[in-house]
Amino acid sequence: MPHFFLKLVAPRPTFANDMNDQEKAMMQEHFLYWKGRQDRGDVLVFGPVLDPKGPYGMGIVSVTDEAEARAFAAGDPAMQANVGFTCEIYPMRAVTRETTN
């Protein structure tokens, strides 16, 4: 199955450090969404990247095609909250423990 790299960019560079209570609750829903999909086998790895220029979220998903990757991103509570998050999606050739060639 194809793999895609998803990069979730917060609405402001300081977001990870200054979330309000509503944003924290939204991010908990975001985490549960990704964790649930990981438990189903759709997500290989995900989490925050602590880039000094501004943290962002990343995940590698294993889905049928780019349309499914876009639907996955669109279903993310952080994207559905419509508060300024963006999600970049890139196809990739992931090497995993299951890769045979």
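**Helix H2 and its buried face**

The buried residues of H2 are Glu23, Met26, Met27, His30, Tyr33, Trp34 and Arg37, where buried means under 20% relative accessible area, exposed over 50% and partly exposed in between, with a 1.4 Å probe and protein chains only. Seen down the axis of H2, these buried residues fall within an arc of 110°, so they line one face of the helix; the arc is that of the directions from the helix axis to the C-beta atoms.

This is a predicted model: local features need pLDDT of at least 70, side-chain atom pairs count only at pLDDT 80 or more, and totals for chains, interfaces and linings use all residues. Residues are numbered from 1 along each chain as its sequence is written, and side-chain values use heavy atoms, with hydrogens and water left out.

Helices (H or I, at least four residues) and strands (E, at least two) are DSSP runs, numbered from the N terminus. The buried residues of H2 pack against several elements, including strand E1 (3-9), strand E2 (43-49) and helix H3 (66-74). On the other side of H2, Asp21 and Asp39 are exposed.

Now the ends. Asn20 caps the N-terminal end of H2, with a side-chain oxygen 3.0 Å from the backbone nitrogen of Gln22. Just after H2, Gly41 has a positive phi of about 100°.

One residue in detail. Glu23 lies in helix H2 and is buried, its relative accessible area being 15%. Leaving out residues up to four places away in sequence, Glu23 touches Arg12, Phe15 and Asp18; contact means heavy atoms within 4.5 Å.

Note on methods:
A polar contact is a pair of N or O atoms within 3.5 Å; within protein, one must be able to donate a hydrogen and the other to accept it, and residues adjacent in sequence count only if both atoms are side-chain atoms.
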